[in-house]
Amino acid sequence: MAVLPIKTFPDPVLSRVCRQVNEVDDDLKQLSQDMLDTMYAAPGVGLAAPQVGRDLRLVVIDCTPRDQEPQPLVLFNPRIVEMEGQVVFEEGCLSVPDFTSDVTRAERVVVKAMDAEGRPITVEGNGLMAICLQHELDHLEGRLFLDRISPLKRSLYKKRRVKQIKRGDE
Ligand code: NI
């Protein structure tokens, strides 16, 4: 088990467009396991590779309620192939400390990817799972949920965050 340090806003790795994964080798299998460990330890319901400093198209997700058996999902090169409906949900992010905001997203998505072993997988997400998939996939494009809220709210958060970092209170 390895819990990795989580990069936080405004670390530049969080705004980078991530690279495709060609082959799921042992190093990437290890990375995905470490990311799951990191996500569960946080705790969080999803984590994308740039959040641990790697600009790779890899996300891990588990939206299962804490009192149920974990259902870890590892997705390499995920892409949305279908989306419909609209839902507003109050989001947060392990890379955006002390802040949440309402974000509008699709209510249902279908994602194609490679799983932890590099096999093709199709995932259908509704509700929280749909939101989580879209939030994590955004990370791979260098986008945070901050980029989906009003410019005013975003700039207020940025100011607060800069002060926080200056105080050394990260
Ligand atoms: Ni996030």
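1. What percentage of the contacts in the chain with a separation of 6 or more comes from residues 24 or more positions apart? The share is 64%, where contact means heavy atoms within 4.5 Å.

2. On provenance: this is a predicted model, in which local features need pLDDT of at least 70 and side-chain atom pairs count only at pLDDT 80 or more, while totals for chains, interfaces and linings use all residues. Residues are numbered from 1 along each chain as its sequence is written, and side-chain values use heavy atoms, with hydrogens and water left out.

3. The chain has 3 helices and 7 strands, in the order α-β-β-β-β-β-β-β-α-α along the sequence. Helices (H or I, at least four residues) and strands (E, at least two) are DSSP runs, numbered from the N terminus.

4. The C-alpha trace spans about 45 × 35 × 35 Å along its principal axes.

5. Of the 170 residues, 47% count as buried. Buried means under 20% relative accessible area, exposed over 50%, and partly exposed in between (1.4 Å probe, protein chains only). The accessible surface of the chain is about 9,100 Å², and carbon and sulfur atoms hold 49% of that area. These areas come from the Shrake-Rupley method with a 1.4 Å probe; for residues, only the protein chains shown count as cover.

6. The chain carries 23 positive and 27 negative charges, whose mean positions are 9 Å apart. Lys and Arg count as positive and Asp and Glu as negative, with His and the chain ends not counted; each charge is placed at NZ of Lys, CZ of Arg, CG of Asp or CD of Glu.

7. Which residues coordinate the nickel ion? They are Cys93 through SG, and His135 and His139 through NE2, at 2.1 to 2.3 Å. The spacing of these donor residues in sequence is C-x41-H-x3-H. Donors are N, O and S atoms within 2.8 Å of the metal (3.2 Å for Na, K and Ca); water is not among the atoms, so sites may look incomplete. His135 and His139 sit 4 residues apart in helix H2 (residues 128–140), about one turn of the helix, and both are buried.

8. Val17 belongs to the segment before helix H1 (26–41). It is exposed, at 52% relative accessible area. Beyond its neighbours within four places in sequence, Val17 contacts Arg57, Leu140, Glu141 and Gly142. The C-alpha atoms of Val17 and Arg143 are 8.4 Å apart, although 126 residues separate the two along the chain.

9. Some backbone angles deserve a check. Most residues other than glycine have a negative phi, and most peptide bonds are trans. A cis peptide bond joins Phe9 and Pro10, with omega about 5 degrees; Pro10 is in the segment before H1. Another cis peptide bond, between Ala42 and Pro43, has omega about -10 degrees, and Pro43 lies in the loop between H1 and strand S1 (46–48).

10. Asn77, in strand S3 (residues 73–84), has a positive phi near 50 degrees and is buried at 14% relative accessible area. Asp98, in strand S5 (residues 96–105), has a positive phi of about 55 degrees and is exposed at 54% relative accessibility.
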